[in-house]
Amino acid sequence: MIGLGVMIIIFGLGLFFVMEAFYGENFGTGLGLLALFLGVAIGVPCFIIAGTSMSSNSKSLDDRLIPIQVKSEVRKFKENFQRSFILCMVLGVSFCILALAIFLFIAITFEQYGNSDYYNLLGLAAMMSLAGVGVFFFIFGGVVMGSYTKLIEQTYFISDEDEIGPRAKAELNKNRPVFLQVIERVYWPVVVCIYLLQSFILGNWGTSWLIFPIAGILFGAIESIFNKK
């Protein structure tokens, strides 16, 4: 559903360029926006349906012990899906490369016939359509394989919600030194305080946001160094 939603939205963007190519900037842009919003109107409900389904399932399984028998079955599913996953990745890359190749072919080949904007728009539409299919394969294969990996690697099921269950939290904390757990609790509040102090006192609102990506990189480095495997 997620892959389908993304693909439909990209198709809507492709139709936008088609409408502009055939009907010009004014009427064509209006029809193109209608096609784009139609794609969004169909694609977004796909996200909502998928998200609601995953959220309800995750909440019912949250903090449950994942039995060894379940892990064994999931390993079989993962092994059986391996070829399909590779095929999805190959098709995804192939469609994305083909999308760029089609655009360049149309733009270069038909440039000599004049009205290059018309052919460029058609090239963009073709590129978006093929790229949408490629993205679908990426998302489909990645979500399925990621689900199998999640069940195999976790001891307790952890939902995608912000708060994890007490047993899952205890399991995660077993692999983290006490001082790292303390750092995790105070790190981001301190970063926010530094951001606000620098922004209000020094007035560096335009550059102070850089604190967050830098802090994120440092936090990831600290976790990777001190986490026990």
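The following dialogue reads the main features of a predicted model.

Student: What pattern does the protein chain follow along the sequence?

Tutor: One begins with the secondary structure. The protein chain has seven helices and zero strands, and its pattern is α-α-α-α-α-α-α when read along the sequence.

Student: What share of the 229 residues counts as buried?

Tutor: Of those 229 residues, 28% count as buried. When contacts between residues at least 6 apart in sequence are considered, 74% join residues at least 24 apart.

Student: How should the span of a helix be read, and what does H2 show?

Tutor: One compares the distance between the end C-alpha atoms with an expected span. At 1.5 Å a residue, the 36 residues of H2 should span 52 Å, and the end C-alpha atoms of H2 are 52 Å apart, so the two agree. H1 has 22 residues and reaches 32 Å from its first C-alpha to its last, close to the 32 Å expected.

Student: Which residues of H1 and H2 are buried?

Tutor: In H1 the buried residues are Gly3, Gly5, Met7, Ile8, Ile10, Gly12, Gly14, Phe16, Phe17, Glu20 and Ala21. H2 and H4 are among the elements that cover them. In H2 the buried residues include Gly28, Gly32, Ala35, Gly39, Gly43, Cys46, Ala50 and Ser58, and H1 is part of what covers the buried residues of H2.

Student: Where does a positive phi occur after these two helices?

Tutor: Just after H1, glycine 24 has a positive phi of about 85 degrees. H2 is followed by aspartate 63, whose phi is also positive, near 70 degrees.

Student: Is aspartate 63 buried or exposed?

Tutor: Aspartate 63 is found in the loop between helix H2 (26-61) and helix H3 (68-109). Its relative accessibility is 9%, and because buried means under 20%, aspartate 63 counts as buried. The C-alpha atoms of aspartate 63 and isoleucine 158 are separated by 6.0 Å, although these residues are 95 residues apart along the chain.

Student: With which residues is lysine 71 in contact?

Tutor: Lysine 71 is found in helix H3, and it counts as buried at 9% relative accessibility. Leaving aside neighbours within four places in sequence, lysine 71 is in contact with Ile66, Leu151, Ile152, Glu153, Gln154 and Thr155.

Student: What does methionine 127 touch?

Tutor: Not counting residues up to four places away in sequence, methionine 127 touches Ala99, Leu100 and Phe103.

Student: Where is isoleucine 183, and how is it placed relative to phenylalanine 219?

Tutor: Isoleucine 183 lies in helix H6 (residues 178-202). At 27% relative accessibility, isoleucine 183 counts as partly exposed. Isoleucine 183 and phenylalanine 219 are 36 residues apart in sequence and 9.4 Å apart in space, C-alpha to C-alpha.

Student: How many disulfides are there?

Tutor: One looks for pairs of cysteine sulfur atoms within 2.5 Å. By this rule the count is zero disulfides. As to accessibility, cysteine 46 counts as buried at 8%, whereas cysteine 96 counts as partly exposed at 29%.

Terms used:
Residues are numbered from 1 along each chain as its sequence is written. This is a predicted model: local features need pLDDT of at least 70, side-chain atom pairs count only at pLDDT 80 or more; totals for chains, interfaces and linings use all residues. Side-chain values use heavy atoms; hydrogens and water are left out. Helices (H or I, at least four residues) and strands (E, at least two) are DSSP runs, numbered from the N terminus. Buried means under 20% relative accessible area, exposed over 50%, partly exposed in between (1.4 Å probe, protein chains only). Contact means heavy atoms within 4.5 Å. The expected span of a helix is 1.5 Å times one less than its number of residues.
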